[in-house]
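Morning, everyone. Please bring the structure up on your screens, and we'll walk through it together.

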Amino acid sequence: MAATIIDGKGFAATVREKVAAHVARLKDENGITPGLAVVLVGEDPASQVYVRAKGKQTTEVGMNSYEHKLEADTSEADLLAVIDKLNNDPTVHGILVQLPLPKHLNEDLIINSVAPAKDVDGFHISNVGLLGTGQKSMVPCTPLGCLMMLRDHHGSLSGLNAVVIGRSNIVGKPMAQLLLGDSCTVTIAHSRTKDLADVVRRADIVVAAVGRAEMVPGDWIKQGATVIDVGINRIEAPEKGLKEDGSVKTRLVGDVDFVSCSERAGAITPVPGGVGPMTIACLLANTVTACCRANGLAEPE
Ligand code: NDP
């Protein structure tokens with residue numbers, strides 16, 4: 001039987017509606033407008049697209065969006081000064097430093113210079129530690145979006161075998177922590193994992209966060225498993241023809257082979273339209289949460 005397609009785009013729209021309603025209440029009842037500041041260093045084209053999308057969706061839900069675009073050769077001291085200013089600005093409730101940063105900047109140092117309470121990406125070591133010990137924290141947006149879709153689909157995740165492929169700090173590791181928090185039995189796989197196919201075949205839940213186009217084939221998937229595809233990979237699509245400059249047109253695919261995996265999975269997220277839209281929706285939700293915490297107000301559920 002064909003898998004249920006988990007509609008991340010539709011789910012994200014629902015999350016944004018709830019965020020917008022909460023923002024409206026904060027304005028009406030408390031006179032507070034949540035504000036999200038995004039810092040972009042350099043001109044990485046993919047990062048520029050993400051930052052534009054974040055800014056647009058931030059204002060669409062009624063929040064203030066502050067964009068700080070800095071030159072690619074900005075010094076560490078100057079970037080730290082911008083972050084320090086935002087840390088101390090009461091109108092800014094969330095701060096996001098767009099990654100990756102240019103090579104001359106120390107990413108760990110920069111991430112850990114953001115005030116933990118405003119760290120809506122959830123990458124600061126304080127938030128990582130809080131999440132790891134099951135305490136209230138800022139939760140990284142992509143894994144949070146994955147968890148929301150999994151909870152929505154399954155109800156309880158308790159006792160399920162989950163395999164996370166990928167161990168990055170921004171997706172794989174926090175995803176594993178969240179699944180553990182929901183009482184899954186969690187395996188984290190990575191490039192050194194032996195017999196990945198065998199590991200994945202035991203999973204009731206597979207989260208693929210690798211960055212390799214369509215690397216998980218359908219015959220790795222246990223019948224009826226839920227597949228969450230985090231990967232965003234651009235591949236050539238000769239069937240779409242040529243661009244004006246004569247090069248082959250491209251399309252986005254995930255880390256799993258969608259066609260063969262959806263023949264065995266019970267449910268699967270598409271790429272695009274799955275995890276991606278949920279990530280920005282969760283960023284907006286985290287900003288409202290940060291705003292409520294900063295003002296001692298009830299947080300959204
Ligand atoms: P990273 O490159 O930081 O991490 C990739 C992970 O995959 C590493 O842990 C690596 O293992 C593992 N890996 C690489 N090759 C293999 C292999 N052959 N078998 C098993 N594991 C392997 O990537 P990210 O976590 O940042 O991103 C992963 C993907 O998710 C990317 O496609 C990215 O674009 C996408 N993404 C999507 C988002 C969204 O909003 N939808 C947000 C963030 C990322 P090792 O540690 O051993 O090297």
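Predicted model: local features only at pLDDT ≥ 70, side-chain atom pairs only at ≥ 80, totals over all residues.

Start with α10, residues 275-294. That's 20 residues, reaching 28 Å from the first C-alpha to the last. The expected span is also 28 Å, at 1.5 Å a residue. Is α10 mostly covered or mostly uncovered? Mostly covered: 17 of its 20 residues are buried. Now look just past its end. Gly-296 takes a positive phi there, about 65 degrees.

Next, the neighbour. Helix α6, residues 141-154, packs against α10. Their axes are 8 Å apart, and the angle is about 110 degrees. Angles from 65 to 115 degrees count as roughly perpendicular, so that is how α6 and α10 sit to each other. Which residues meet? From α6, they include Cys-141, Leu-144 and Met-148. From α10, they include Val-275, Met-278 and Cys-282. By class, this contact has ten nonpolar residues, four polar and no charged ones.

Now the sheet. It's open, with three strands in the order β3-β2-β4, and the pairing is parallel. β3 (64-70) and β4 (94-97) are the edge strands, each pairing on one side only. From one strand to the next, the twist averages 15 degrees.

Zoom in on β2, residues 35-41. Seven bridges join β2 to β3. Which residue in β3 is the bridge partner of Val-38? Glu-67.

Last, helix α3, residues 76-87. It lies across β2, β3 and β4. Against β2, α3 runs at about 180 degrees.

Conventions:
Residues numbered from 1 in each chain as written. Helix = DSSP H or I, 4+ residues; strand = E, 2+ residues; numbered from the N terminus. Expected span 1.5 Å × (residues − 1). Buried ≥ 20, exposed ≤ 12 C-beta atoms within 10 Å, placed from the backbone. Axes fitted to C-alpha atoms, helices over the stretch in contact; angles between N-to-C directions. Parallel < 35°, antiparallel > 145°, perpendicular 65-115°, else oblique. Contact = placed C-beta atoms within 7 Å. Nonpolar A, V, L, I, M, F, W, Y, C, P; charged D, E, K, R; others polar. Pairing = 2+ DSSP bridges.
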